[in-house]
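Dear colleague,

Please find below the structure that I am handing over to you. I would be grateful if you could read the notes after it with the model open.

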Amino acid sequence: MSRARAVLAIAALALRRLARDRLGLLFTVALPFTVILLVGLAFGDEGGEVRLGVAFDGAPSAEAERLAAALEARDGLLVVRLPDAATLRADVREGDVDAGLLIPPGTGTRPVLVGPADGGGMAAARPLVGAVLARLADPAAEPAPVRVERFGEDAPLGDLPRFGYTAPANLVLFTFITSLGAASGLIESRVIGTRRRLRAAPLSAGHVLAGEAFGRLLVAVAQALVVVLGAALIFGVAWGDPAGVTAVVGAFALVATAAGLLLGTVLRTPQQASAIGPMAGIALGMLGGCMWPLEIVPPAMRAA
């Protein structure tokens, strides 16, 4: 057997070990889509209507009336006309509407999207309102900008579809967690002496390390492919340019692989890796925005 084939055989061992681990397969295949579904639904009901309160900030112009009418005609929005800005903010606070849109009298001032501190109603309303603004805008011009108001806090409006946000976030989360968990196999090879037996073959330490690293990279890529393909087929997530997605996912798979190798080097038992790896991944995912958008957390949490 050539050294290259030996490296590939060592790498394939990591995939076979994952395939034999039923609990690991459940974690790798079923759990990501369960989390994507639950977190996605937390941003609103995909098949229901978003209750959007609409009020004019002053005497409405023809442009303001046209925007309100377009919002009322938009599928997925249930527009509630409100008399003034104070009533709109009060209804948003009390939960009578999911979000509110304060429309200025003319085109010189940006509309303001108002939502509660948890951001759930705005997350559902933002892409719908943004689509209406883009349709009304001159095709040759930029879409009309909108400000977001969270009871005094302003932030730029972005397109935040439900599964379109949570699927990439969980791709990062589970690729990282799976790579950290796969460190247990690296430790197991050291504990039971597999590596010593491999060194009896005409293989250098570098070849063994290359095989182990490539195996963990295959595990990370396999986890990423499961999420990318599954989210596209099940939730209709559009991932964008394939070359760009491949580059970004490949780069992160390398990062996750390096983290798994580090964990497999510093820990002593497979049980330690199985216990510490997922918990560390979940904690870092919370801080990094994989569990929820960082824009809905307090500034101190964002800084951490």
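Predicted model: local features only at pLDDT ≥ 70, side-chain atom pairs only at ≥ 80, totals over all residues.

Residues are numbered from 1 along each chain as its sequence is written, and side-chain values use heavy atoms, with hydrogens and water left out.

Helices here are DSSP runs of H or I with at least four residues, numbered from the N terminus. Helix H7 (residues 183–191) packs with helix H10 (residues 242–266) at an angle of about 40°, and their axes lie 8 Å apart; axes are lines fitted to C-alpha atoms over the stretch in contact, and angles run from 0 to 180 degrees between N-to-C directions. H7 is therefore oblique to H10 (under 35 degrees counts as roughly parallel, over 145 as roughly antiparallel, 65 to 115 as roughly perpendicular, and the rest as oblique). The contact (heavy atoms within 4.5 Å) involves Ala183, Leu186, Ile187 and Arg190 of H7, and Gly260, Leu261, Leu263, Gly264 and Thr265 of H10.

Gln223 belongs to helix H9 (residues 205–234). With a relative accessible area of 0%, Gln223 is buried (under 20%; exposed is over 50%, and partly exposed in between, with a 1.4 Å probe and protein chains only). Leaving aside residues up to four places away in sequence, Gln223 touches Thr28, Pro32, Phe174, Thr175 and Thr178.

Gly236 lies in the loop between H9 and H10, and counts as exposed at 55% relative accessibility.

How values were computed. Helix = DSSP H or I, 4+ residues; strand = E, 2+ residues; numbered from the N terminus.
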